[in-house]
Amino acid sequence: MAKAKVLVAGAGPVGLVSAMVLAEAGVDVEVFERNGDVMEDLRASTFHPPTLDMLAPYGISDVLVASGLKARMTQQRDRRKGLIAEFDLARLAGSTGYPFRLQCEQWKLNAELVRKLRNHPHVTLRFGCAVEEARQDEGAVMIRIRTQEGMEEVRGDYLIGADGAWSTVRRSLGIEFEGYTYPERFLVVSTDFPFEAHFENLSWVNYVSDPDEWCVMLKVPSLWRVLFPTAEHESDERVLSDEFIEARLQGLLPRAGVYEVVHRTLYKVHQRVASRFRTGRVMLAGDAAHINNPLGGMGMNGGVHDAFNLSAKLIEVIAGRAPDSLLDKYERQRRTIAIEYINANTARNKQLIEERDESARSRIHAELRATAADPEASLAYIRKTSMFDALERAGSIA
Ligand SMILES: Cc1cc2nc3c(=O)[nH]c(=O)nc-3n(C[C@H](O)[C@H](O)[C@H](O)COP(=O)(O)OP(=O)(O)OC[C@H]3O[C@@H](n4cnc5c(N)ncnc54)[C@H](O)[C@@H]3O)c2cc1C
């Protein structure tokens with residue numbers, strides 16, 4: 001492989017997957033992470049089948065499967081009517097090695113990637129190094145990093161901005177982050193209460209509609225995570241209080257005892273896509289390039305798909321087997337998917353689950369039931385929600 005160094009800002013799933021794919025192909029990579037180590041925070045928890053197919057050749061998927069839960073079924077439910085429609089991912093057998101949604105905490109992916117990359121001959125992992133500025137000229141890209149010892153400048157041939165939603169790389173390059181922010185925040189509550197013992201036939205992935213308070217119930221190995229929207233006028237302090245959370249959970253399933261809440265997070269949700277995914281030697285990927293609501297589990301998965309797409313192209317360009325313009329194709333393919341697929345579908349998922357009008361709700365439920373009952377339509381639904389369609393569409397863009 002010709003000598004070139006790729007700098008990666010951010011050691012989240014997207015930066016680390018990019019580093020792994022590049023390094024395994026013999027490309028030198030230097031990764032800069034602001035935090036001192038991998039954070040064990042509860043963020044995304046769903047791995048779609050194609051993401052597992054992509055990670056499998058690197059020995060990552062089997063590690064995740066061993067520490068996650070296989071959700072063969074996903075359910076659309078209603079708080080008043082119960083189960084509306086169920087979709088069986090076993091129908092995907094034959095087109096994936098993983099015909100299920102894997103429920104596994106995102107940090108386990110990061111931890112496994114760091115374990116794999118720590119002593120990799122082509123990787124330098126630099127934790128505790130915040131990228132403060134990125135610039136480029138004809139021949140190189142330069143970043144300024146802040147370390148415990150002070151400021152340092154590092155040069156490379158390419159830079160991947162995988163430094164999350166508030167990306168310094170994106171802002172350094174003056175790239176717009178177009179879109180909007182929802183007025184309500186999302187509250188995610190984790191409890192060890194066994195909801196599956198109280199709701200009939202509950203799956204590990206449940207989207208629960210309601211005109212007043214919809215929710216999402218997701219199981220990870222040790223906990224149930226329940227996501228609720230919160231009203232704009234409620235203060236953070238109140239929304240995060242024991243009293244408020246207990247009322248939400250009692251509303252979902254009334255019981256005599258008090259719920260044990262292990263973890264609570266409140267966050268703002270956005271639908272935004274960067275105006276450029278590439279300028280010269282710098283590419284944006286993952287949350288730095290696009291962010292969306294979590295309904296459908298497409299944020300982290302879409303970001304990992306960016307990482308695979310971009311790394312494969314960088315490998316070809318660095319090896320001299322493809323012209324530099326191949327990197328523009330990364331933008332064409334993945335920006336289109338971020339807009340037409342990830343953003344559009346997650347926004348639509350939110351509209352459907354929160355619908356208030358009774359006749360519209362009935363129509364949505366009838367459509368879901370009809371889709372689930374029709375083998376062809378349900379397979380199409382499963383392929384779309386598992387992100388196979390998005391990858392096929394990306395592959396069709398020249
Ligand atoms: C609170 C929260 C909850 C979420 N819940 C869900 C969910 O339930 N379902 C879902 O699908 N998605 C969820 N997401 C989104 C999902 O976590 C992201 O889509 C995913 O993490 C994207 O990966 P990434 O690598 O692009 O970015 P990140 O995971 O954000 O990683 C970026 C990394 O860059 C580092 N960094 C940032 N700035 C700098 C800098 N200047 N220099 C060096 N390093 C830097 C950060 O410390 C971080 O480690 C959630 C996100 C948040 C914030």
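Which residues are closest to the ligand, and how many surround the ligand? The legends below start with the whole chain and come back to that.

**Overview. The chain is a predicted model with 12 helices and 20 strands.** Local features here need pLDDT of at least 70, and side-chain atom pairs count only at pLDDT 80 or more, while totals for chains, interfaces and linings use all residues. Residues are numbered from 1 along each chain as its sequence is written. Helices (H or I, at least four residues) and strands (E, at least two) are DSSP runs, numbered from the N terminus. The C-alpha trace spans about 65 × 45 × 40 Å along its principal axes. For 398 residues, a compact globule would have a radius of gyration near 21 Å, and the chain agrees, with 21 Å. (That radius is taken over C-alpha atoms, and the globule rule is 2.2 Å times the number of residues to the power 0.38.)

**Close-up 1. The ligand sits in a shell of 30 residues.** The closest are G10, G12, G164, G286 and G299. Helices α1 and α8 (299-318) each supply at least two shell residues, and so do strands β2 (28-33), β9 (130-136) and β17 (261-274). By class, the shell has 12 nonpolar, 13 polar and five charged residues. (Ala, Val, Leu, Ile, Met, Phe, Trp, Tyr, Cys and Pro count as nonpolar, Asp, Glu, Lys and Arg as charged, and the others, Gly among them, as polar.)

**Close-up 2. Helix α1 (residues 13-24) packs against helix α4 (residues 106-117).** The angle is about 35 degrees and the axes are 10 Å apart. (Axes are lines fitted to C-alpha atoms, for helices over the stretch in contact, and angles run from 0 to 180 degrees between N-to-C directions.) α1 brings P13, L16, V17, A19, M20 and A23 to the contact, and α4 answers with Q106, L109, N110, L113, V114, K116 and L117. Contact here puts C-beta atoms, placed from the backbone, within 7 Å. The tally is 10 nonpolar, two polar and one charged residues.

**Close-up 3. β9, β10 and β11 line up, in that order, as an open antiparallel sheet.** Two strands pair if DSSP finds at least two bridges between them. β9 and β11 (150-156) are the edge strands, each with a single partner, so one side of each has no neighbour in the sheet. The twist averages 20 degrees from one strand to the next. Six bridges pair β9 with β10, and a hairpin of four residues joins the two. Here Q136 has V141 of β10 as its bridge partner, and A134 stands opposite I143 in β10. Strand β10 (residues 141-147) pairs with β11 over seven bridges, and that hairpin runs through two residues. T147 is partnered by G150 in β11, and R144 stands opposite E153 in β11.

**Close-up 4. Eight strands make an open sheet with mixed pairing.** The order is β6-β5-β14-β15-β16-β13-β17-β20. β6 (82-88) and β20 (290-291) stand at the edges with a single partner each, so one side of each is left without a neighbour in the sheet. Strands β5 (residues 73-78) and β14 (residues 205-209) run parallel, joined by four bridges; Q76 has Y207 of β14 as its bridge partner. Helix α7 (residues 242-252) packs on this sheet, touching β13 (177-191), β15 (215-220), β16 (223-230) and β17. The direction of α7 makes about 80 degrees with that of β13.

How values were computed
Two residues are in contact if their C-beta atoms, placed from the backbone, lie within 7 Å. A residue is near a molecule or strand if its C-beta atom, placed from the backbone, lies within 6 Å of it.
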